[in-house]
Amino acid sequence: MARPDTVVIGAGVSGLAAARLLSQHGRDVVVLEARDRVGGRVVTDRSDGRVTDLGASWIHGVDGCPVAAAADAFGMATVEFTVGAYQPDSRPIALHGPDGRRLTQDESRAHAADIHALDAALVGVIAASPPDASYRDVTEQALAQQGWDTHRAARVREYLEHRAEEQYGVCIDDLAAHGLDDDSVAGDEVVFPDGYDALPSHLADGLDIRLSHVVTHIRWGADGVVVTTDRGRFEGRTAILTVPVGVLRSSDLMIDPPLPSTNARALDRLRMNAFEKVVLRFPHRFWPDDFYAIRRQGPDGRRWHSWYDLTRLHGEPTLLTFAAGPTALETRSWDDAGLVESILAQLRHLHGDVVPAPVAVHRTDWLGDPYARGSYAYMAVGATTADHDDLATPIGDVLHVAGEATWTDDPATVPAALLSGHRAACRVLGHPVAVEALWAGGASTMMGR
């Protein structure tokens, strides 16, 4: 086989972006993908005739977002849905108190104001925090500064716990103090009624992609790289490695020589999270249609506290909730019937016996996926924001690491994956290229790929 210029490992958005840009500049590129499809953690299920995004769903802020620009160029339909970033008041939210009663508008506004006040205090506390501080440590310090009574502080504390879980799929005690520094949204958030998988499909158009090739060993040196898969070896002058942190940390992928200390130290401080979706479709709507989300306060909302109304995507009454952090770990062994009944019990406490059984349920298991080992990466206690970029430090100008975990400004997102792939390709080329080149020309003609 002819030796390609670059071997790209992983056909998720990061790998596809890198390969597309290199191919546009005349480089010979082969992409190796363990799955039988492209997209990685961007995957849309259509097995029951419905469109359900099982991985990435949202663009968290379209202003200045490269994925929003790419989606527009590729003709991907979007629906505005601005609560995905777990904000307290971005759009109308039906907030229920610990007793199940729906709070008044004034009560909801007061709760949101408390969260904003706490967030303002957090800025200084986090900036002054020691390297080994957790997000729990800094939020407790900021809470103590407010002088609130026990009930008021408890409502904000549980919100902060839920935010850590829904944003990064991890217990607040295990997230670094700086782990939510990127928690901001520029512009509306949107979702994709026809499926997010159109993005990787367009990016993959025309590329040499070898599906069902599981990479087990990467040898790198001054003379290039040798990549061993379960279906043969591939050699290249350079390689771009885009597998998730969970795979990088596993023993299933050997890198020889091991990653240099800068990359290795960063990888050691990043972890893969526990974050699963549960999409429930109902025979009829039992909740009002004047808000985007339902939220529950109090101890009874420990597992299930937030539901997002996706009805506007396809007109079928649909709620999305998350098994996040500790709940994801706790419910892994539950069967579907037990999981759904637990969720319905909470909904019935808020809405009564009018809550019917769902007609369809989609449940993810990213933790059990051997090619992901979680949904996305988070900063463990002791990590710094620099660890994202450090993981992507070029290795001997031969091996480059990319993916959502290697982008500092907005990690754990599809834009981070795309931009990191773009950066890796520019490093291989040796000169900058505008990111807009990735979607120049608009929609592709090979959507059947």
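Is Glu161 buried or exposed? Glu161 is buried, with a relative accessible area of 13%, where buried means under 20% relative accessible area, exposed over 50% and partly exposed in between (1.4 Å probe, protein chains only). This is a predicted model, in which local features need pLDDT of at least 70, side-chain atom pairs count only at pLDDT 80 or more, and totals for chains, interfaces and linings use all residues. Residues are numbered from 1 along each chain as its sequence is written, and side-chain values use heavy atoms, with hydrogens and water left out.

**Helices H4 and H5**

- Two packed helices are described by the angle between their axes and the distance between the axes.
- Here, the axes of H4 (residues 135-144) and H5 (residues 150-168) come within 11 Å and cross at roughly 155°. This makes H4 roughly antiparallel to H5.
- Angles under 35 degrees count as roughly parallel, over 145 as roughly antiparallel, 65 to 115 as roughly perpendicular and the rest as oblique. The axes are lines fitted to C-alpha atoms, for helices over the stretch in contact, and angles run from 0 to 180 degrees between N-to-C directions.
- The H4 side of the contact (heavy atoms within 4.5 Å) consists of Tyr135, Arg136, Thr139, Glu140 and Leu143. H5 brings Ala153, Val156, Arg157, Leu160, Glu161 and Arg163.
- Helices (H or I, at least four residues) and strands (E, at least two) are DSSP runs, numbered from the N terminus.

**Salt bridges around Glu161**

- The count comes to 31 salt bridges, each being a side-chain nitrogen of Lys or Arg within 4 Å of a carboxyl oxygen of Asp or Glu.
- One of them pairs the side chains of Glu161 and Arg302, at 3.5 Å from N to O. The pair links distant parts of the chain, 141 residues apart: Glu161 lies in helix H5, and Arg302 in the loop between strand E16 (293-296) and strand E17 (306-309).

**Other salt bridges between distant parts of the chain**

- Arg303 also sits in the loop between E16 and E17, and its partner Glu330 belongs to helix H10 (residues 326-330), 27 residues apart. Their closest N and O atoms are 2.6 Å apart.
- Both ends of this pair are partly exposed: Arg303 has a relative accessible area of 30%, and Glu330 is at 37%.
- Salt bridges that share partners also join Arg136, Glu161, Glu165, Asp173 and Arg302 into one network.
- Arg91 and Glu80 meet through their side chains in a salt bridge of 3.2 Å, N to O. Arg91 is in the loop between strand E5 (79-80) and strand E6 (93-96), while Glu80 is in E5, eleven residues apart.
- Arg91 is partly exposed at 28% relative accessibility, and Glu80 is partly exposed at 24%.

**Backbone points to check in the viewer**

- Most residues other than glycine have a negative phi, and most peptide bonds are trans.
- Asp256 and Pro257 are joined by a cis peptide bond, with omega about -5°. Pro257 is in the loop between strand E13 (254-256) and helix H8 (261-268).
- Arg373 has a positive phi, near 65°, and lies in the loop between strand E19 (360-363) and strand E20 (377-379). Its relative accessible area of 27% makes Arg373 partly exposed.
- Ala412 has a positive phi near 65°, and is found in the loop between strand E21 (399-401) and helix H13 (414-429).
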